[in-house]
Structure formats: C-alpha cells, structure tokens
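Hi,

Here is the structure I said I would pass on to you.

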Amino acid sequence: MPPSSYDIRPQRPHDLALLDPLLDRTFGPDRQARTVYRLREGLAPVPELCFAAVDQYGGLLASLRFWPIRIEEVPAILLGPLAVEPALQGRGMGRALVTHGLAEARANGHRICVVVGEPEYYRPFGFVNAPSRGLRLPGPVDPRRFQAAELEPGAFDELAGGDGHIGRAEDARGAITAPTQLRNPL
Ligand SMILES: CC(C)(COP(=O)(O)OP(=O)(O)OC[C@H]1O[C@@H](n2cnc3c(N)ncnc32)[C@H](O)[C@@H]1OP(=O)(O)O)[C@@H](O)C(=O)NCCC(=O)NCCS
C-alpha cells in the first residue's frame, strides 16, 4: 500500500544504498550513458543540496540532487537526477522536491541552475531553453530538453559577453566542471 504521507529531508549516508536501485527503476539501467553523467563524473554533489523524500519508516521514495558546474567561469548548479518511485509518480512528490531544492539553492546563494529534462515539467519553475541562451553541453543532448533558470533575477547577465570558447575548466580539486559554451543570448 502506498504511504499516505512523506517528509523531505537532507539525504543521509544510509540513503545511498537505496539510491542506485531507485535510479535504475526510474531511469533504466542504461541511464549512465547520458551526457549529464559525464558532467557529474568524478564530482561530489553539492552537500547541502541532496534531498530525500521518505516514508514514515525512513524508506526512500524519491531523490533529488544538485551538482557543482561552471558555465565558462560562472559557477552554476546542475539539477538531477530527480527520481520518484514509479508507483508513486504523479502525486506531486517531484514538484515538492524541485520546489524545495530550488528554494534551498537560492538560500545558499546559487544563482544559475541547469537541467536536462522535459520542458513542460521544468518551465513552471522558471527554466527556459538553454541552447537559445547560448549554453552548450559537452556531449549529445536533445536541445529541447536542455534548460536553465536564473535563481536570482539578472543572473544570466553574468554570462553575456562570453567569447564563445568551449571551456572545460578545472575546479580547485582538479575535477572538470566547465561543461558549456557561451554564445550571445538571443
Ligand atoms: C518526472 C518525475 C520526476 C515527476 O515527478 P512526479 O512526482 O511524478 O510528478 P508531479 O506529481 O510532481 O507532477 C507535477 C506536474 O508535472 C506533470 N508531469 C509529471 N511528469 C511529467 C513529465 N515527464 N513531463 C511533463 N510533465 C510531467 C504532472 O502531470 C503534474 O502536472 P499537474 O500539476 O498539471 O497535474 C517522475 O515522474 C519520475 O521520476 N520519472 C522518471 C524519471 C525522470 O524522468 N526524471 C526526470 C528527469 S530529471
């Protein structure tokens, strides 16, 4: 029987054992072939931006994490994966997680968020088409699904004036974090 309520809380170490099976159930076993996995490879998620929806016994029902990336030299975050237990989809859990996650991201000073997902799903959260803003991922992606949102009004202005150089910069730990190319915004 599905749970009648759930809580959203920060992820805990013991959630991790349940996370991969949940992702396999929601995205399928070939999920790691996706371009966004290349962006996340070798990186840790943003610690304060890992969330779990859990039932009253602490069982993992849904998960949302964000990752540190750079758009040229501008820090940004990547949303995903967002995964809701298949039997519990369509009950508002995904929307609640994204709403909570973006609010926490704003509260922590993050200014730009990108995602690869259904535009119809992410548009209500303020996401717009990213390729038309000049952003490009370092690998194949359906341009319709690649989106970005300003978490603070005017944050996209920081991206204006880029030279179009395709950057794969390294952060202080030596991990690759620069996934995008900037062209002039339309
Ligand atoms: C996509 C997913 C995260 C949505 O979570 P959810 O809890 O099922 O969705 P919600 O109940 O919060 O839906 C909120 C709204 O989005 C709509 N919606 C749900 N899934 C959608 C999708 N794939 N595309 C477009 N709209 C969608 C719902 O109909 C609902 O609209 P309404 O308010 O008008 O009724 C979930 O279905 C899932 O895990 N799917 C498999 C993995 C996946 O595709 N993840 C997203 C990629 S990052």
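This is a predicted model: local features need pLDDT of at least 70, side-chain atom pairs count only at pLDDT 80 or more; totals for chains, interfaces and linings use all residues.

Let's begin with the inside. The largest nonpolar core has 44 residues, and I77, L78, C113, V114 and A148 are the ones that touch the most other members. Several elements each supply at least two residues of this core: helix 2 (35–40), strand 2 (50–54), strand 3 (60–71), strand 4 (74–84), helix 3 (93–107), strand 5 (112–116) and strand 7 (146–150). Strand 3 gives the most, with eight residues. As background, nonpolar side chains in soluble globular proteins tend to be buried together.

Leaving out residues up to four places away in sequence, A148 touches I112, C113, V114, F127, V128, A130, R133 and L135.

Next, the ligand. There are 18 residues around it, and V84, Q89, G94, R95 and E118 come nearest. By class, this shell has seven nonpolar, seven polar and four charged residues. Helix 1, strand 4, helix 3 and helix 4 (119–122) each supply at least two of the shell residues, and strand 4 gives the most, with five.

Strand 4 is also where P81 is found. The peptide bond joining G80 and P81 is cis, with an omega of about -5°. You'll find E72 in the loop between strand 3 and strand 4. Both are worth a glance, because most residues other than glycine have a negative phi, and most peptide bonds are trans.

Is E72 buried or exposed? E72 has 20 other C-beta atoms within 10 Å, so E72 is buried; the cut-off for that is 20 or more.

Last, L23, which sits in helix 1 (residues 16–27). L23 has 16 other C-beta atoms within 10 Å, so L23 counts as partly exposed. Not counting residues up to four places away in sequence, L23 touches R31, P81 and A83, and that P81 is the one in the cis bond with G80. L23 and S63 are 40 residues apart in sequence, but their C-alpha atoms are 8.7 Å apart in space.

Happy to talk it over once you've had a look.

Cheers

How values were computed
Residues are numbered from 1 along each chain as its sequence is written. A nonpolar core is a set of buried Ala, Val, Leu, Ile, Met, Phe, Trp, Tyr and Cys residues joined through C-beta atoms within 7 Å. A residue is buried if 20 or more other C-beta atoms lie within 10 Å of its own, exposed if 12 or fewer, and partly exposed in between; C-beta atoms are placed from the backbone. Helices (H or I, at least four residues) and strands (E, at least two) are DSSP runs, numbered from the N terminus. Two residues are in contact if their C-beta atoms, placed from the backbone, lie within 7 Å. A residue is near a molecule or strand if its C-beta atom, placed from the backbone, lies within 6 Å of it. Ala, Val, Leu, Ile, Met, Phe, Trp, Tyr, Cys and Pro count as nonpolar, Asp, Glu, Lys and Arg as charged, and the others, Gly among them, as polar.
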